[in-house]
Amino acid sequence: MAGVAVVTGAASGIGRATVELFAERGFGVVAVDVAEEGLAELALIESVRALVGDVADDEVNDAAVGLALSEFGRLDVSVLNAGIGGAGPLESEGALGRLEHILAVNVRGVASGIRAALPPFRAAGGGAVVVTSSISGLRGDPGTWAYNASKAAVINLVRGLALDYAVENVRINTVAPGAALTGMTEGLLENPALARSLTRRIPLQRWSSAREQAEVIWFLASPAASFVTGVTVPVDGGLSAS
Ligand code: NAD
């Protein structure tokens with residue numbers, strides 16, 4: 001077996017593409033998601049084990065690592081990709097409660113996932129974490145204030161923890177997608193005029209596939225990136241450079 005990974009937010013989009021890519025390249029994968037249906041399909045892949053659960057729950061993150069150890073005997077990589085948005089306008093009813101939930105999934109869930117992976121990484125002499133942040137964490141976007149806050153927080157959480165655990169050979173990085181075609185963004189493209197105007201803003205003049213995001217996650221998790229830690233890599237067709 002080439003390695004063993006936990007991937008969260010695995011049932012759809014970037015997480016699903018990551019599970020498929022890692023499995024194709026010889027990894028055993030524990031796929032975690034709240035959505036049971038998408039996971040059931042992934043579990044048909046021989047080297048994939050599915051776990052239904054919410055990353056805001058520490059027990060789920062511990063159970064994912066436990067499953068990796070019991071099924072595959074080790075853990076090399078943790079891809080903490082689960083993420084949500086959708087707080088609505090700041091003055092809408094319940095917006096602050098939705099902010100708390102977004103932070104619980106997008107920030108606390110990542111800290112909890114990293115914490116769960118540390119004991120097996122330590123036992124193995126190191127490991128790699130790749131978090132899915134967003135270019136919305138590098139700048140403001142209209143209408144997504146709570147999501148922007150959570151993704152900026154996770155980018156700096158990764159910087160801090162990368163420094164804390166570098167001495168133990170644990171590398172922690174993020175990919176910052178922009179404009180990937182997934183369940184999260186498909187609604188945006190249903191309006192052709194909006195789709196055209198969003199696409200025009202992307203220097204490469206197109207949206208990425210989930211697979212193109214997964215390839216960069218693979219790189220950051222792999223020995224090819226053995227001297228890379230604490231960074232955020234935009235995978236955004238040039239958006240953040242413009
Ligand atoms: P997606 O909606 O297709 O997939 C997200 C998956 O996460 C879903 O399967 C969902 O069920 C799961 N999930 C949500 N909350 C969860 C929880 N609490 N516990 C476990 N699983 C949970 O979206 P995607 O675009 O593939 O998103 C993946 C990551 O990429 C997210 O962190 C998102 O913020 C980030 N991102 C996406 C884009 C984009 O353009 N698509 C841009 C920037 C960042």
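Read along the sequence, the chain runs β-α-β-α-β-α-β-α-β-α-β-α-α-β, where helices (H or I, at least four residues) and strands (E, at least two) are DSSP runs numbered from the N terminus. This is a predicted model: local features need pLDDT of at least 70, side-chain atom pairs count only at pLDDT 80 or more, and totals for chains, interfaces and linings use all residues. Residues are numbered from 1 along each chain as its sequence is written.

Me: What radius of gyration does the chain have, against the value for a compact globule?
Reply: The radius is taken over C-alpha atoms, and the globule rule is 2.2 Å times the number of residues to the power 0.38. With 242 residues, the rule gives a value near 18 Å, and the chain agrees with it, at 17 Å.

Me: Which residues have the most contacts inside the largest nonpolar core?
Reply: A nonpolar core is a set of buried Ala, Val, Leu, Ile, Met, Phe, Trp, Tyr and Cys residues joined through C-beta atoms within 7 Å. A residue is buried if 20 or more other C-beta atoms lie within 10 Å of its own, exposed if 12 or fewer, and partly exposed in between, with C-beta atoms placed from the backbone. The largest core has 66 residues, and those with the most contacts inside it are Val6, Val29, Ala31 and Val32.

Me: Where do the buried residues of α3 lie, seen down the axis of the helix?
Reply: In α3, Val60, Asn61, Ala64, Val65 and Ala68 are buried. Seen down the axis, they fall within an arc of 140 degrees, the arc being that of the directions from the helix axis to the C-beta atoms. The buried residues of α3 therefore line one face of the helix.

Me: Which elements do the buried residues of α3 pack against?
Reply: Contact means that the C-beta atoms of two residues, placed from the backbone, lie within 7 Å. Val32 touches Val60 and Ala64, among others. The buried residues of α3 pack against β1 (3-8), β2 (27-33), β3 (48-52) and α4 (95-124).

Me: Is Gln205 buried or exposed?
Reply: Gln205 lies in the loop between α6 (192-200) and α7 (210-221), and its phi is near 65 degrees, a positive value in a residue other than glycine. Because Gln205 has 10 other C-beta atoms within 10 Å, it is exposed.

Methods
Lists of a residue's contacts leave out its neighbours within four places in sequence.
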